[in-house]
Amino acid sequence: MTEAIVEQADILIVGAGPVGMTLHLALAAGGRKSLLLDRRPHPAGSSLGAQHALPSDPRALALSHGARQLLEQINSWPNRAATPIETIHVSQKDGFGRTLIDRSDYALPALGYVVRYSDLANALAANLASDAVLAEAEILDITPGDNQVTVTLRHAGQLRMIRTRLLVHAEGTPGDDPAVKVSDYVQHAVICEVAPTPGHNRRAWERFTPDGPLALLPLGNEYSIVFTLPPDKADAVMNMNDADFIAALQQQFGARMTFSQPGRRSRFPLALRLRDPLVKGNEIWIGNAAQTLHPVSGQGFNLGIRDAWQLAEILLKNGVDREKAEPASDWRQSLQDYAAQRQLDRQGSAFFTDRIVRTFSNDFAPLKLVRGLGLLALDVFPPARHFVAKRMIWGARAWP
């Protein structure tokens, strides 16, 4: 048996997606070292070379202006690839009431932006050092210890053991794990891009239907569609020809604009997943590894960026990776502080998205009336509308 190479890393981040890279770069900006570990090929630290892009991803991300402010601090905002959202129109199908949220009410250049996943990932990867990532790594074992975690992996045909004082899980949606509570929405999101007539004019739409929310996000000259449906209807939509798909989309959206030229369709199931606790010994979970939300209102990815940023702030403040190791109890308290401080934002975002989906995804007539009155109240009562808008832009930082 080949003898394993044994290495040390103060902070090891499993998952070199946007959330993991944000944490790494935020730590680096404060002079702290960390190592990224990824199962996939990666332009930084892989045999592919830095000129290669990350694998394509069909998703479009709705990033809040607050996320842009954080990413700009690590020089990783993909300005040319981002389409601004200047207004958001919220309504319900076959019901009265609507709310219009406008950037001008908040003196912002945009409420948010729509960016392809791969464009954001490449903007972050461009700032990584060539040795920042161990790419195409097969994780074989994770062994917790009293003062460190040992990760055994295979990389480039070599067995390696990395001992770290802090292991950050940022790899994405958690699988079956007793620490993760799962609530299935019995909905699937069908995503694709379509051409609108007239043009989108930098307006996003959130259209609530009995089947689930329909989101239209401006991306370049097109709309990125998030078409939420029960699984059987999602099956049917995925199997439709382009003309029938456009007709189904048009039927859900209405006649305010028309659509054409649908792109390739993808789908994924939707569930609320919340991990508790976030911290276990020398391990911590952030981003989709900590929570996965329904895509309504685009909160999940922004929450992950805030996770990474706040963890970096706490680690930098408390000097977790100083050259002289601190007693485990000292920096573990920092991790508990992080978990406590993230509670309001995590629970608030989960509750906000969960209540919206469960309240609007039905055709119950009395509830439809209440929903309409609620949308109307948000539109005519600015303080309530501003509270919701600021919550979407900045998360819990918008709350008193």
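Which residue in E11 is the bridge partner of Leu-12? I looked it up and found Leu-167.

**Ground rules.** I am reading a predicted model, where local features need pLDDT of at least 70, side-chain atom pairs count only at pLDDT 80 or more, and totals for chains, interfaces and linings use all residues. Residues are numbered from 1 along each chain as its sequence is written, and side-chain values use heavy atoms, with hydrogens and water left out.

**Confidence.** I checked pLDDT, the predictor's confidence in each residue, from 0 to 100. The protein averages 89, and 90% of its residues reach 70 or more. I noted that helices (H or I, at least four residues) and strands (E, at least two) are DSSP runs, numbered from the N terminus. Confidence is highest in strand E4 (residues 83-85), at a mean of 98, and lowest in helix H8 (residues 365-380), at 79. Over residues 45-53 the pLDDT is below 50. That stretch still has 11 contacts (heavy atoms within 4.5 Å) beyond near neighbours in sequence. I hold back there, because low-pLDDT coordinates should not be read in detail.

**Around E11.** Next I went to strand E11 (residues 158-169). Nine of its 12 residues are buried, meaning under 20% relative accessible area with a 1.4 Å probe, protein chains only. I counted two strands as paired if DSSP finds at least two bridges between them. Strand E1 (residues 5-14) runs parallel to E11, with nine bridges. Strand E10 (residues 149-155) is antiparallel to E11, with seven bridges. There, Thr-152 stands opposite Met-161. E10 and E11 make a hairpin with two residues between them. I looked at Ala-156 in the turn and found a positive phi of about 55 degrees. Strand E19 (residues 283-285) also pairs with E11, in the parallel sense over three bridges. Leu-167 has Glu-283 as its bridge partner in E19.

**The open sheet.** In which order do the three strands of the open sheet stand? I read E3-E7-E4, with antiparallel pairing. Strand E3 (60-64) and E4 are at the edges with a single partner strand each, so one side of each lacks a neighbour in the sheet. The twist averages 30 degrees from one strand to the next. E4 and strand E7 (residues 112-116) are joined by three bridges. One pair I found is Thr-83 with Val-114 in E7. Helix H2 (residues 65-72) packs on this sheet and touches E3 and E7. Its direction makes about 85 degrees with that of E3. For such angles, axes are lines fitted to C-alpha atoms, for helices over the stretch in contact, and values run from 0 to 180 degrees between N-to-C directions.

Definitions and conventions:
Buried means under 20% relative accessible area, exposed over 50%, partly exposed in between (1.4 Å probe, protein chains only).
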